[in-house]
Amino acid sequence: MSNLENWINKNTYHHSEFWDIKQLVEVKEKKNLTISLCLPTLNEEKTIGKEVIIFKSELMERYPLLDEIAVIDSGSEDKTLEVAKNYGADTYLASEILPGLEPKRGKGENLWKAIYQLKGDIIVYVDADISNIHPRFVYGLVAPLIYRDEVKYVKGFYDRPLAFSGNIRPSGGGRVTEILVRPLFSLFFPDLTALIQPLSGEYAVRREVLEQIAFPIGYGVETSHLIDVYHMYGLEAFAQTDLDKRVHENKPTQALGKMSFGILQTFIKRAKALGVLNKAEHTTLLRQFQVRQDQYEQNLIEIIEEERPPMLEIEEYRDKFKS
Amino acid sequence: MKDIKSLKKELPDFAEKLKKYRELLLANLVMVGEIPAPTFHESRRVEFILNRFDEAGMTDSSIDDAGNGIGVLSGTDNKAAILLNAHADTIFSDKTDHTMQVSSDTITGPGVADNAIGLAAMITLPYILDDLNIKLENDLVLMAGVKSLGRGNLEGMRFFLEKSSIKIKNAICIEGIQLGRLSYSSIGMLRGEITCRVPETYDWSRFGDSSAILTLNEVINKINDMRLPRRPRTSIVMGSIEGGTSFNTIARDATLRFEVRSESQEVVERAGETINDIVLEVSSKTGDQVELDIFAKRIPGGIPYAHPLTRCARVVMESLGIEPRLAPSISELSALIDKNIPALTLGVTIGERTFKTNETIQIEPIYKGLAHLIGTILAIDGGYCE
């Protein structure tokens, strides 16, 4: 078994392994940890109310897993903040946190400012546009951090096929992940391909890590986190949890183009700084995912892009046409 | 009967006190309501409810052979039990998107009124009673009843009443809407389906003069011509029709779903016989297959308006400023009435667009509805309703 497969077996969880929230709270309290939930928002009035209600009821009132629930908003024009506040979330406008700094607008800004505004030793980020919200989105992510001190960054992924016949099926992320990020990681950071959905917006991180990394303000924030945390702590700092199905609105292809462009900028900046750009010349393995009997495994595909020189360099050609 | 005045004094503040359970209640509502539970397929929803009963420390909770989720909150003097029932099934198929949307003052989603809020009120109740340090003398049996609607024909409730050894003193059925609903009697009812089929041997060369829809139309016209008495009050509800497949092919089959309702059992039965005659007549005239399937019946009955239980519920409503809306019921109440158990159906809140996927309920009236429910339970438990 390769190192990556070892890592996948050891660090990939399913949220159902952490169903015992009572026990989770006991260990959290024993370790004297505090946990903050950050919901970054921009015009999310349709879904935010339900998220706040579910997390507050299940993970604050029933089981005190969360110490605070905060909505950090980029300037919504709908009733996002009113609804969130009504149901008892702490609400902040990103522009009002650290007002001395030049204001920037983007989801990464909200995530970054949460580090300053929120108190927790662990911050768990959950996107606010999930319509099938459930407490698992939080406890599934914080549990590996609570139980295992060496884990610093837990990423969510979603893998619940509705119907599938046969015992091997493809698995993985969304379109941008499979078309852009996974090929890039395969070339430059093969270890990071062990993360099934590198771009998911749901993750829990220790403060000691968050305070040390830079945050792209726009689309690149998830990608940069992975590269930076990997660079600082190695793959062992990561874990990932299957959170089952996540229902949200699908984005049109043009929006994904914008997202990809942002990610690519962030990626190139980091790849240059870390001096890995030349590495690509020797790598021909694309690493995708598949599931065999409930076990995640990497599917290694050798793709060798061989080239032919300009025809002009071929002697026979020159003899035929140029003589 | 004990004097209810002492209880009455405490009630007006009660609705206010219940506001602090908002998130708990609404979270239960969303979680239970987002689990699809079409009639006969309620098991996932019932399992969730059972988990909630277990978490509330109700060690006696279980799923019975019919599939009902039952939890027992033991009383201090458990001689008899009060049954609290909310039906777990909905009219929506499991293919319907069950996502709930929560705004500041409303919740929208399929089945939110019928009956997710009723279920949420029931499963949050043990937590509220415990938190408010309310101890009941009687056992409180909480039942998420299955197979209630449509062809389910109250099967879950009937099974429970037939097989359970628990002695039920009084029962309350919780329906999501409307706040103020007070049902204490059942009307007579029969529910059925009429299906028309063009026989396979039909001569298709006869151009356009036969269709299952036309045959069904004939049946509908004849039912519509039936003379119904004004007293006792009687009506026939034409609930839904279905038939055919496209613009340009003759409909091979068509179905009508209907209900006859009357204050008199005799009238219901007579109407049933007349409909049967209509079906036979149309069938023989057209040569099409016309079939009548009657799969649910209710017998009129119940407790009188002046019964102490009804009176208690009205006193509680009055002290909370709720206007009673008296209406007979054909739901679980009928099964309880059949067993001579004094019972009521109450509503939790105000809602609209029932049976549509954008069914909506208001949040603010829920506290009054809950206060009404708890007040009525306290009145029964305190012996005020005997």
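These are my notebook entries on a predicted model with chains A and B.

**Entry 1: where the chains meet**

I started with the contact between the two chains. It takes 18 residues from chain A and twelve residues from chain B. I then looked up which elements of chain B supply its side. Helix H2 (22-33) and strand E4 (101-102) of chain B are the elements that give two or more residues there. H2(B) gives the most, with five residues. I also sorted the side of chain B that touches chain A by class, and I got six nonpolar, four polar and two charged residues.

**Entry 2: the domains of chain B**

Next I checked how chain B is divided. The domain assignment gives domain 1 as 5-186 + 300-381, and domain 2 as 188-298. I looked up the spacing too: the C-alpha centres of domain 1 and domain 2 of chain B lie 35 Å apart. Where these two domains touch, six residues come from domain 1 of chain B and eight residues from domain 2 of chain B. On the domain 1 side of that contact I found two nonpolar, three polar and one charged.

**Entry 3: a sheet in chain B**

I went on to an open sheet of four strands in chain B. What is the order of its strands? I read it as E11-E12-E10-E13, with antiparallel pairing. Strand E11 (234-243) and strand E13 (289-298) of chain B stand at the edges, each with a single partner strand, so one side of each has no neighbour in the sheet. Direction ignored, neighbouring strands of this sheet are turned by 15° against each other on average.

I took a look at one pairing in detail. Strand E10 (residues 188-197) of chain B runs antiparallel to E13(B), and nine bridges join the two. One pair I noted down: Glu193(B) has Asp293(B) in E13(B) as its bridge partner.

**Entry 4: helices across the sheet**

Which helices lie across these strands? I found helix H6 (residues 212-224) of chain B lying across E10, E11, strand E12 (253-262) and E13 of chain B. H6(B) runs at about 15° to E12(B). Helix H7 (residues 265-286) of chain B also lies across E10, E11, E12 and E13 of chain B, and H7(B) runs at about 165° to E13(B).

I then checked the two helices against each other. H6(B) and H7(B) pack at an angle of about 145°, with their axes 10 Å apart. Their crossing is right-handed. From H6(B), the residues that meet H7(B) are Thr215(B), Glu218(B), Val219(B), Lys222(B) and Ile223(B). From H7(B), I listed Ile275(B), Ile278(B), Val279(B), Val282(B) and Thr286(B). By class, the contact of H6(B) with H7(B) has six nonpolar, two polar and two charged residues.

**Entry 5: a helix pair in chain A**

Last, I turned to chain A. Helix H9 (residues 221-233) and helix H10 (residues 253-273) of chain A pack with their axes 8 Å apart, at an angle of about 20°. Are they roughly parallel or roughly antiparallel? Angles under 35 degrees count as roughly parallel, so H9(A) and H10(A) are roughly parallel to each other. The crossing of H9(A) and H10(A) is right-handed.

Thr223(A), Ser224(A) and Ile227(A) in H9(A) meet Ile263(A), Thr266(A), Phe267(A) and Arg270(A) in H10(A). I sorted the contact of H9(A) with H10(A) into three nonpolar, three polar and one charged.

Terms used. Residues are numbered from 1 along each chain as its sequence is written. Chains are lettered from A and ligands numbered from 1 in the order in which they are written. This is a predicted model: local features need pLDDT of at least 70, side-chain atom pairs count only at pLDDT 80 or more; totals for chains, interfaces and linings use all residues. Two residues are in contact if their C-beta atoms, placed from the backbone, lie within 7 Å. Ala, Val, Leu, Ile, Met, Phe, Trp, Tyr, Cys and Pro count as nonpolar, Asp, Glu, Lys and Arg as charged, and the others, Gly among them, as polar. Domain bounds come from an automatic or database domain assignment. Axes are lines fitted to C-alpha atoms, for helices over the stretch in contact, and angles run from 0 to 180 degrees between N-to-C directions. Angles under 35 degrees count as roughly parallel, over 145 as roughly antiparallel, 65 to 115 as roughly perpendicular and the rest as oblique. A crossing is left-handed if the near helix is turned anticlockwise from the far one by less than a right angle, and right-handed if clockwise. Two strands pair if DSSP finds at least two bridges between them.
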